[in-house]
Amino acid sequence: RHQRRNKTRQKLVNAAKTIMANGPAEAVTVDQITREADVGRGSFYNHFSSMDDLFVSTLEDHIRGIGQSFGSGLGQFDDIADFAAWSIQFFAKCAVEDPDLGWFIANNVKSQSLLKTHIDPRARDAIELGVINGRFQLEDPELWLSIGSCSTTAFIRGCLEGRFDISQSVDLAASILQAAGLARSEAIEISQRCDPNTAKKASKNKTKLGE
């Protein structure tokens, strides 16, 4: 019974992903979801209290996936600053390319809880490693994390509103690296080289992760 329940819930989440990929989330109805999932309307309310509840659950899958990508990405870079630049730009890229996800991050209070669960722990691990290795000069790592998070969220909103372009994520990442003590010229060079929009992940091997 537990397995069947989980299977039905996942069918509803998958249906929501499929439908939301083709239009704005606010226009989606319960009937559309249940038809796509091929389940009864009553099954929807056995798993979700509202469309908003389903929306949060659906986007949690996306945010969890981004967090897992961060975990994988950490092992691909020799320099923790490279990883930081890549992860900032990668997160912004994911949110801007998926407007439903982007607006959820920018507007929904519930998104902050999901980010704290799936993104912040990996970010803290990377920051701690950078401080230990001497790559980041931070008196208050938690404050830097908050500044970086708020700046990235504001950037995502700006892109969705048409005020910024995703290519400017290079400048965003460079500014956040500067706040960690890197020189402006080095921060820009790293951010350009580690821009996921251009699929460049080379490393200068300045600080070995884990050393």
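## Helix 1 and Asn14

Helices here are DSSP runs of H or I with at least four residues, numbered from the N terminus. By that rule, Asn14 belongs to helix 1, which covers residues 2-20. The model is predicted.

Asn14 has a relative accessibility of 36%. Buried means under 20% and exposed means over 50%, so a residue in between is partly exposed. Asn14 therefore counts as partly exposed. Ile147 lies 133 residues from Asn14 in sequence. In space, the C-alpha atoms of Asn14 and Ile147 are 34 Å apart.

## Overall build

The chain holds 11 helices and 0 strands. Read from the N terminus, the order of elements is α-α-α-α-α-α-α-α-α-α-α. Along the principal axes, the C-alpha atoms fill a box of roughly 60 × 40 × 30 Å. There are 211 residues, and 44% of them count as buried. Among contacts with a separation of 6 or more, 63% join residues 24 or more positions apart.

The chain exposes about 10700 Å². Carbon and sulfur atoms supply 49% of that area. Charged side chains number 25 positive and 27 negative. The centres of these two sets lie 6 Å apart.

## Helix 2 to helix 3: Asp38

Asp38 sits in the loop that joins helix 2 (30-37) to helix 3 (41-47). Its phi is positive, at about 60 degrees, although Asp38 is not a glycine. Asp38 counts as exposed because its relative accessibility is 65%.

## Helix 5 to helix 6: Asp98

Asp98 is placed in the loop between helix 5 and helix 6 (99-107). With 23% relative accessibility, Asp98 counts as partly exposed. Leu114 is 16 residues from Asp98 along the chain, and their C-alpha atoms are separated by 17 Å.

## The cavity

The model has 1 cavity of 30 Å³ or more. The largest cavity has a volume of about 390 Å³. Its lining is made of 21 residues. Those nearest the centre of the largest cavity are Ser87, Ile88, Ile119, Ala123 and Leu145.

Which helices each supply at least two residues of this lining? They are helix 5, helix 8 (120-132) and helix 9. Helix 9 gives the largest share, with 6 residues.

Helix 10 spans residues 169-179. Its buried residues are Ser169, Val170, Leu172, Ala173, Ala174, Ile176 and Leu177. An α-helix has 3.6 residues a turn, so residues three or four places apart point the same way.

What do the buried residues of helix 10 pack against? The partners are helix 5 (80-97), helix 9 (141-160) and helix 11 (184-193). Helix 5 and helix 9 also contribute to the lining of the largest cavity. Gly181 follows helix 10 and has a positive phi, near 105 degrees.

## Helix 8 to helix 9: Gln137

Gln137 lies in the loop between helix 8 and helix 9. Is Gln137 buried or exposed? Gln137 is exposed, because its relative accessible area is 53%.

Neighbours within four places in sequence aside, Gln137 is in contact with Ala180 and Gly181. Gly181 is the residue with positive phi after helix 10. Leu182 is 45 residues from Gln137 in sequence. The C-alpha atoms of Gln137 and Leu182 are 8.1 Å apart.

## After helix 11: Pro196

Pro196 is in the segment after helix 11. Why does Pro196 count as buried? Its relative accessibility is 15%, and buried means under 20%.

Setting aside neighbours within four places in sequence, Pro196 is in contact with Trp86, Gln89, Phe90 and Lys93. Thr18 is 178 residues from Pro196 in sequence. The C-alpha atoms of Pro196 and Thr18 are 25 Å apart in space.

Notes: Residues are numbered from 1 along each chain as its sequence is written. This is a predicted model: local features need pLDDT of at least 70, side-chain atom pairs count only at pLDDT 80 or more; totals for chains, interfaces and linings use all residues. Side-chain values use heavy atoms; hydrogens and water are left out. Buried means under 20% relative accessible area, exposed over 50%, partly exposed in between (1.4 Å probe, protein chains only). Contact means heavy atoms within 4.5 Å. Accessible areas come from the Shrake-Rupley method with a 1.4 Å probe; for residues, only the protein chains shown count as cover. Lys and Arg count as positive and Asp and Glu as negative; His and the chain ends are not counted. The place of a charge is taken as NZ of Lys, CZ of Arg, CG of Asp or CD of Glu. On a 1 Å grid over the protein atoms alone, a cavity is a set of points where a 1.4 Å probe fits but cannot get out, and a pocket is an open set with protein on both sides within 12 Å along at least five of seven lines; lining residues have an atom within 4 Å of a point. Grid points are joined across faces, edges and corners, and a volume is the space filled by probe spheres set on the points.
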